[in-house]
Amino acid sequence: MFFRQKRSGNRVYLQIVENQWVNGRSQQRVIATVGRLDKLQQSGQLEGLLESGAKFAEAALVLTAHREGRTPSVSHRRIGPALIFGRLWDELQLPQVIELLLAGRRFDLPMERILFLTVLHRLFDPGSDRSCLQVWKKGYEIPGTKEVELHQVYRAMAWLGEPLPNDQQTGATPFSPRCTKDVFEETLFARRRDLFSHLDLVFFDTTSIYFEGEGGDELGEFGHSKDHRPDRKQMIVGVVLDGEGRPLCCELWPGNVTDVKTLIPVVDRLRLRFQIRSICIVADRGMISKETIQQLQADERKVHFILGARLRNVKEIYEDVLSRAGRYREVRGPREKSTDPSPLKVKEVCVDERRYVVCLNVEQARKDRADREAIVASLREQLQRGEKSLVGNKGYRKYLSAQGPKFTIDEAKVKAEKRFDGKWVLQTDREDLTAEDVALQYKQLWTVEEMFRTVKTLLETRPVFHKCDETIRGHVFCSFLALLLRKELQDRLEAQGDKLEWAALLSDLEALQYTEVKSEGKRFLLRSDLEGTCAAVFRAVGVAIPPSVQRIEQKNPPAPPT
């Protein structure tokens, strides 16, 4: 409804009108004619009418006053993060799992709220638990966390990483004991499992996280650093995802455990922990060795595998597999749009009953060729000028040949390198899958690697203030739970057809806030406007958008005057 001026001759009347939708068209209906506009204004009746109705439009008046700067702001609180991820936290039944695991334990701290706070912090501002409590939390509306203190967070982390009693260590890997967080993972899986749940396909990869300090009692060890920090002690984090890319469990080991030693213990542990009857492990080339494959195919395991193979380090690969003639079959053609999947061709090669799938990306092949030609051209120029300072560069060194004190371009190496352009090779025992299917299954591992880049971000915990293995394990496990929430939200967004940039999503949620204001002796909460992706995120999670204005009722109103 709205006011409308109606002219009749020389006079103007004020009417109250409403819009109606009749037979597919908008029609206006006059509810009442209030009177002549000039007389209403002269008599003050119009102002009285508006003031009388204003008490029924308190919210609109407060919003107007706030926009005009006539209401002082008391505080600002970000509300988006807790609303969205709090709903996902509840629907994944994480509070129930925590309550179940705490049965019989006499903790006098709000464990579930502490863990939710820590996980939310990982999602929005990865860092130490100290920074979470002392800096980050102050600007957010997170129910039940106002009184949480740092020593309570440390106790919660220690509980998650606490080793189980000796009679519950069955299935532990040689590198670490079974802990509370393992039971947490198993309980989560059991709650979402039904008669049709299966784990025929799992993805596994590892990364390393280095420490500024000692890194606990046993976790911090020197090893091959994927962060290129061999001077720092580190730990190894392994993550297992199911066939749909959902985080299943994480493994935490000392930093000197090599990738090739991790695959068999993880496979054995998966079968025992999650009662898996058949399993196909998909893993990167760092996991493969002849001994590993033999153990996977042993009668007591009979585990299927799709493993990346090392092109340049395995003689059978670069001499037999890559040189074998055969026509490639197209799986995906050239891109028509930049968002299309990369092109892919495959061919199958068998060597003494060992099955290989050679994959070719023609786009990557062109890039590899161009990069190599640029390196060789630059190297020729450097050598002609007699400058050998760049010879130590790995990209240059593999194309050089030493002849006494002099270096020359090794043309044979340059030619041999061409065979690897745009290619990768897979080894598998899956006879029930075509070469195309094997390649596509393995390409899902790249999704896992993308998740690992997320893990690396979520695990940016330096400097680490924890000094015990238990608290370090708990700290990292909260990052795993953050990964679980992220995957759940992304799946829901994709289900409704939204593909949103993660950084923009987080930024838009953080921009949603309540501002507390005072107006005529009363307090109100004013919600900011929804920005960017917020509406889609609220719709995907099924959370109602908070009202624009809420009045804060005083808990203890002043006593009436006597």
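So, the axes of helix α17 (residues 469–495) and helix α19 (residues 534–541) come within 9 Å and cross at roughly 100°. Because 65 to 115 degrees counts as roughly perpendicular, α17 is roughly perpendicular to α19. The axes here are lines fitted to C-alpha atoms, for helices over the stretch in contact, with angles from 0 to 180 degrees between N-to-C directions. Who makes the contact, meaning heavy atoms within 4.5 Å? From α17 we have Leu489, Arg492 and Leu493, and from α19 Ala536, Val537, Ala540 and Val541. By class that is six nonpolar, no polar and one charged residues, with Ala, Val, Leu, Ile, Met, Phe, Trp, Tyr, Cys and Pro taken as nonpolar, Asp, Glu, Lys and Arg as charged, and the others, Gly among them, as polar.

A word on provenance. This is a predicted model, where local features need pLDDT of at least 70, side-chain atom pairs count only at pLDDT 80 or more, and totals for chains, interfaces and linings use all residues. Residues are numbered from 1 along each chain as its sequence is written, and side-chain values use heavy atoms, leaving out hydrogens and water.

pLDDT is the predictor's confidence in each residue, from 0 to 100. The protein chain averages 82, and 85% of the residues score at least 70. Confidence is lowest in helix α3 (residues 58–67), at a mean of 56, and highest in helix α4 (residues 80–91), at 96. Where pLDDT is low, the predicted coordinates should not be read in detail.

Next, histidine 76, which sits in strand β4 (residues 73–78). Its relative accessibility is 45%, so it counts as partly exposed; the cut-offs are buried under 20%, exposed over 50%, partly exposed in between, with a 1.4 Å probe and protein chains only. How far apart in sequence are histidine 76 and threonine 515? They are 439 residues apart, yet 4.6 Å apart in space, C-alpha to C-alpha. Their side chains make a polar contact at 3.0 Å, that is, a pair of N or O atoms within 3.5 Å, where within protein one must be able to donate a hydrogen and the other to accept it, and residues adjacent in sequence count only if both atoms are side-chain atoms.

Last one: threonine 118, in helix α6 (residues 111–124). Buried or exposed? Threonine 118 is buried, at 1% relative accessible area. A polar atom of its side chain lies 2.8 Å from the backbone oxygen of isoleucine 114.

Key:
Helix = DSSP H or I, 4+ residues; strand = E, 2+ residues; numbered from the N terminus. Parallel < 35°, antiparallel > 145°, perpendicular 65-115°, else oblique. Contact = heavy atoms within 4.5 Å.
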